[in-house]
Amino acid sequence: MEGKKISESRVIIAQVMNPENSNPAGNVHGGDIMKLIDTVGGVAATRHARAHVVTASIDRIDFHHPVYVGDFIILKASVNFVGKTSMEVGVRVEAENPITGKVRHTGSAYLTFVALDDNKRPIQLTPLILETDQDRHRNEDAAQRRQMRLSVKKKEKENA
Ligand SMILES: CC(C)(COP(=O)(O)OP(=O)(O)OC[C@H]1O[C@@H](n2cnc3c(N)ncnc32)[C@H](O)[C@@H]1OP(=O)(O)O)[C@@H](O)C(=O)NCCC(=O)NCCS
């Protein structure tokens, strides 16, 4: 089976954060950022699979710093790991002050997507081609997170 490079599915989007994105404290609402994370992650996963994908889980979202109304929010998504039918996508969230150009790393997330066929059954994915040291490093970390995810799921099943 032919593989696909991480660079072939990588996604970067930028969006202006407007007043309608704000929470009562005046910062950008975390839920708006979460939706963008899921959307951009889904685009990277779909590009890898070239099939419809669903979000199976989001096992971690960290908000390191607030994003302010008026900032550009920049989301970078790349496929870290591909299993048989599921893949982990990492999303990095940055906020850029449009006037000063200063960029802050405000958040990150790891999501698992599953590719489905027309009957909504998981389909086998094309393998991931790792080109750079960063690709290999992220892939190893993602493999460890997958092991953790699977063992938690197994334990939950046993205790159900
Ligand atoms: C995700 C879903 C397709 C998995 O179906 P399933 O019958 O459990 O499928 P399987 O047990 O064969 O698992 C398929 C793959 O998904 C992975 N997976 C399943 N549930 C998972 C979870 N909660 N977290 C991470 N990975 C998961 C499995 O490890 C497996 O990966 P692999 O093939 O790479 O080894 C199914 O649970 C589903 O449709 N969920 C709803 C998705 C949805 O509506 N999302 C929100 C809107 S997009």
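# Exercises on a predicted protein model

Strand β4 (residues 72-82) is mostly covered, with 8 of its 11 residues buried; a residue is buried if 20 or more other C-beta atoms lie within 10 Å of its own, exposed if 12 or fewer, and partly exposed in between, with C-beta atoms placed from the backbone. The structure is a predicted model, in which local features need pLDDT of at least 70, side-chain atom pairs count only at pLDDT 80 or more, and totals for chains, interfaces and linings use all residues. Residues are numbered from 1 along each chain as its sequence is written.

## Exercise 1. Overall architecture

Solution. 

Step 1. Helices (H or I, at least four residues) and strands (E, at least two) are DSSP runs, numbered from the N terminus. The protein contains 2 helices and 7 strands.

Step 2. The C-alpha trace spans about 45 × 40 × 30 Å along its principal axes. Of the 160 residues, 28% count as buried.

Step 3. Two residues are in contact if their C-beta atoms, placed from the backbone, lie within 7 Å. Among contacts between residues at least 6 apart in sequence, 73% join residues at least 24 apart.

## Exercise 2. Strand pairing

Solution. 

Step 1. Two strands pair if DSSP finds at least two bridges between them.

Step 2. The hairpin from β4 to β5 passes through 3 residues.

Step 3. Ala95 stands opposite Arg104. This hairpin has 6 residues between its strands, and Gly101 in the turn has a positive phi of about 80°.

## Exercise 3. The nonpolar core

Task: Identify the residues that touch the most other members of the largest nonpolar core, and describe the surroundings of Val89 and Ala109.

Solution. 

Step 1. A nonpolar core is a set of buried Ala, Val, Leu, Ile, Met, Phe, Trp, Tyr and Cys residues joined through C-beta atoms within 7 Å. The largest has 33 residues, of which Val89 and Val91 touch the most other members. At least two residues each come from α1 (30-49), β4, β5 and β6. α1 supplies the largest share, 7 residues.

Step 2. Apart from residues up to four places away in sequence, Val89 touches Gly41, Ala44, Ala45, Ala77, Ser78, Val79, Asn80, Leu111 and Phe113.

Step 3. Ala109, in strand β6, is buried, with 23 other C-beta atoms within 10 Å. Leaving aside neighbours within four places in sequence, Ala109 contacts Ile37, Ile58, Arg60, Ile61 and Val91.

## Exercise 4. The shell around the ligand

Task: Work out which element gives the most residues to the shell around the ligand.

Solution. 

Step 1. A residue counts as near a molecule if its C-beta atom, placed from the backbone, lies within 6 Å of it. The residues around the ligand are Val54, Thr55, Ala56, Ser57, Gly83, Lys84, Thr85, Ser86, Thr112, Val114, Pro122 and Arg149.

Step 2. The elements giving two or more residues are β3 (52-63) and β6 (103-116). β3 gives the most, with 4 residues.

Step 3. The shell divides into 4 nonpolar, 6 polar and 2 charged residues. Ala, Val, Leu, Ile, Met, Phe, Trp, Tyr, Cys and Pro count as nonpolar, Asp, Glu, Lys and Arg as charged, and the others, Gly among them, as polar.
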